[in-house]
Amino acid sequence: MISRDSCERGQVLIVLVFVLVGLLAAVGLAVDGGTAILERRRMQNAADAGALAGTRQLAAHLCDDSPDEAAIDAAIWDEIIQYAERNGVRDPSNNVVADYLAYDVDSNDVTVTGPVGSGDIPAGSLGISATVMIERPTALLTLVGQDTAAASAHATAVTGPAR
């Protein structure tokens, strides 16, 4: 006669495996999720700094009215890239997108006028929009199939109208 205890041997092992997998996924989510939140904050800092630095360069150009727009455009792009890199954006030439913005004071409307780094500054541009991205490998979520985590952020800075 087979005892009941011998038929149920090993059930605890199966339950333990499921519990451990669930626990590992929860710890991975906490560790890698926390890192993703940190990276998102860093990317927001990079986007904010890049947009402000680029707008500062644009405002200086609007005040001195230099005829060499290609050099000013390159200086604005370099400033945005530099601030993004200082804030942790790896390979910023591929992970930063920036555009010139026009601002309508009456309607409080902001419109994109063209990309930064194209060689010219579109007429009516009074600000910069910057978007930065980063992708990092995960630490623990790799065990459940999530190899990378990405973070991005967007910022806009506008200078006052030249009068």
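Let me start with a pair in helix α2: Glu39 and Arg42 are three residues apart there, so about one helical turn separates them. Helices here are DSSP runs of H or I with at least four residues, strands are runs of E with at least two, and both are numbered from the N terminus. Before I go on, this is a predicted model, where local features need pLDDT of at least 70 and side-chain atom pairs count only at pLDDT 80 or more, while totals for chains, interfaces and linings use all residues. Residues are numbered from 1 along each chain as its sequence is written, and side-chain values use heavy atoms, leaving out hydrogens and water.

Back to the pair. Glu39 and Arg42 form a salt bridge, with the closest N and O atoms 3.1 Å apart. By salt bridge I mean a side-chain nitrogen of Lys or Arg within 4 Å of a carboxyl oxygen of Asp or Glu. Glu39 is buried at 9% relative accessible area, whereas Arg42 is partly exposed at 26%. The cut-offs are under 20% for buried, over 50% for exposed, and partly exposed in between, with a 1.4 Å probe and protein chains only.

Glu39 has another salt bridge, to Arg136, where the closest N and O atoms are 3.7 Å apart. Glu39 sits in helix α2 and Arg136 in strand β3, so this pair ties together parts 97 residues apart in sequence. Arg136 is buried too, at 18% relative accessibility.

How many salt bridges does the structure hold? There are three. Glu79 belongs to helix α3 and Arg56 to helix α2, and they are 23 residues apart. Glu79 is buried at 13%; Arg56 is partly exposed at 45%. Through shared partners, Glu39, Arg42 and Arg136 make up one network.

Now the sheet. It is open, with four strands in the order β2-β1-β3-β4, paired antiparallel. Pairing requires at least two DSSP bridges between two strands. The edge strands, each pairing on one side only, are β2 (109-115) and β4 (148-158). From one strand to the next, the twist averages 30°. Strand β1, residues 96-104, is joined to β2 by six bridges. Within β2, Thr111 stands opposite Ala102.

Which helices pack on this sheet? Helix α2 does, touching β1, β3 (125-137) and β4, and its direction makes about 30° with that of β4. Helix α3, residues 69-86, also packs on the sheet; α3 touches β1 and β3, at about 120° to the direction of β1. Contact is heavy atoms within 4.5 Å. Axes are lines fitted to C-alpha atoms, for helices over the stretch in contact, and angles run from 0 to 180 degrees between N-to-C directions.

Last, the surface. Leu13, Leu16, Val17, Leu20, Val21, Leu23, Val27 and Val31 form a nonpolar patch with about 690 Å² of accessible area together. Patch residues have over 30% relative accessible area and no salt bridge; like charges are joined within 9 Å, and nonpolar side chains (Val, Leu, Ile, Met, Phe, Trp, Tyr) within 5 Å. Areas come from the Shrake-Rupley method with a 1.4 Å probe, and for residues only the protein chains shown count as cover. Val21 lies in helix α2, residues 11-64, and is partly exposed at 48%.
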